[in-house]
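Dear colleague,

Please find below the structure that I am handing over to you, followed by a summary of what was found in it.

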Amino acid sequence: MALASSVKVVLGSIAFAVFWVLAVFPAVPFLPVGRTAGSLLGGMLMVVFQVITADQAYAAIDLQILGLLFGTMVVSIYLERADMFKYLGKLLSWKSRGPKDLICRVCLISAISSAFFTNDTSCVVLTEFVLKIARRHNLPPHPFLLALASSANIGSAATPIGNPQNLFIAVQSKISFGNFLIGILPAMIMGVIVNALLLLCMYWKLLSIEKDEKDVAVELIAEEEVNSEGKDDLTTRWKKILWKSCVYFVTIGMLIAWLVGLNMSWTAITAALALVVLDFRDARPSFEKVSYSLLVFFCGMFITVEGFNKTGIPSTLWDFMEPYSKIDRVSGIAILAAVILVMSNLASNVPTVILLGARMAASADDEKKAWLILAWVSTVAGNLSLLGSAANIIVCEQARRAPQLGYTLSFWSHLKFGVPSTLIVTTIGLTLIR
């Protein structure tokens, strides 16, 4: 695709720049409106500047991705109500053998839960458990917070539902859930192991300090029992067990449906509505927990990226890079990975995937491998810096706001670990993607 007229190129670039600045720095002093409003503003400017028409803007919104995202968020909300994440939190402290064992458990549980319940959800619900573990051992929380955030990003790369960019890749590439999982699982497993080893090496002395411990596992159970006493008065124990079993059964059924190749978007929505019906109560409180701002953000981003594509800039840049980015040779994969890594941290991973995905696949001899490389690198790239992924920011904010446990994870403490981890894990993973 050739470059559009100079007017469209300039105006489209301005609109995309507005979107990019507000997406990466949502609280800029001159316009602190946030990411969601920033994406809508970028999309609106594309139409106002006549880079794209209103009809093209509406057509750019991918309803399959929005439906899949909405469905998985609703299912995650019901899983949280069914105490799935409480049980995961208890596993972190069950028969613990010390800080090193705990940090490995954080890596493992964070990665697995993120693969099937999205990295953002896992980080929201597990951060406070991780802070309590750090308090139990009287240790600084930052190694455990780094383990949670970095492993969540790595684990989420393994499935189409692990993060938003993978949702887009799965829908656009038409790679089945099972093939996606098989293609990236070896890289994910090795990535989690290497990431845990890097954490142990970097913080070995800190994690070797033996101090008095509190039995936080008992403390967590006691808290949950106190919180659930009122509910036990209203609902018999067998009804609660039956309802929880139904939630887990529906979730497992959803995963099986994906594995056999059913439409991912409709399967997720069907599972969500099945849980609503089984709950047999007003669904409004559960629906209110859905991150509608994220769905709106995606709508604006789809329009903005479509407008930027119409300028011809991405195609021109890719035409320049394509001869050097062939995935049939090691040097090509290295250059392609470097481009994805840089763009994911400058323009965020979801816009990067939308901009590069179709072009990468069209120019590759093995389309499936190109899509999987894009999924792996764009996701692990989120570990590079604190601003690299939403999961990092969620962990940072949840930790800062946690009552009586507040801790601020600084940009530089994250970067010190994030840079070597991202480079090493990305490289090892690329050799294992099939």
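**Helix packing and overall form**

Helix H7 (residues 119–136) packs against H8 at an angle of about 155°, and their axes are 9 Å apart. Here the axes are lines fitted to C-alpha atoms, for helices over the stretch in contact, and angles run from 0 to 180 degrees between N-to-C directions. H7 is therefore roughly antiparallel to H8; angles under 35 degrees count as roughly parallel, over 145 as roughly antiparallel, 65 to 115 as roughly perpendicular and the rest as oblique. H7 and H8 cross in a right-handed sense, where a crossing is right-handed if the near helix is turned clockwise from the far one by less than a right angle, and left-handed if anticlockwise.

The model is predicted: local features need pLDDT of at least 70 and side-chain atom pairs count only at pLDDT 80 or more, whereas totals for chains, interfaces and linings use all residues. Residues are numbered from 1 along each chain as its sequence is written, and side-chain values use heavy atoms, with hydrogens and water left out.

On the H7 side, the residues that meet H8 include Cys123, Leu126, Val130 and Ala134, and on the H8 side they include Phe144, Leu148 and Ala152; contact means heavy atoms within 4.5 Å. By class, this contact of H7 with H8 has 11 nonpolar, 4 polar and no charged residues. Ala, Val, Leu, Ile, Met, Phe, Trp, Tyr, Cys and Pro count as nonpolar, Asp, Glu, Lys and Arg as charged, and the others, Gly among them, as polar.

H8 (residues 142–156) also packs with helix H21 (residues 390–401), at an angle of about 155° and with the axes 9 Å apart. H8 and H21 are therefore roughly antiparallel, and their crossing is right-handed. Leu145, Leu148, Ala149 and Asn153 of H8 touch Ala391, Asn392, Val395 and Ala399 of H21. The contact of H8 with H21 has 6 nonpolar, 2 polar and no charged residues.

Helix H10 (residues 177–202) and helix H20 (residues 367–380) pack at an angle of about 50°, with axes 11 Å apart. H10 and H20 are therefore oblique to each other, and H10 passes H20 in a right-handed crossing. Among the residues that meet are Phe180 and Ile184 in H10 and Lys368 and Trp376 in H20. By class, 7 nonpolar, 2 polar and 1 charged residues form this contact of H10 with H20.

As for the whole protein chain, it has 22 helices and 0 strands; helices (H or I, at least four residues) and strands (E, at least two) are DSSP runs, numbered from the N terminus. Its C-alpha atoms fill a box of roughly 65 × 50 × 45 Å, taken along the principal axes.

Yours sincerely
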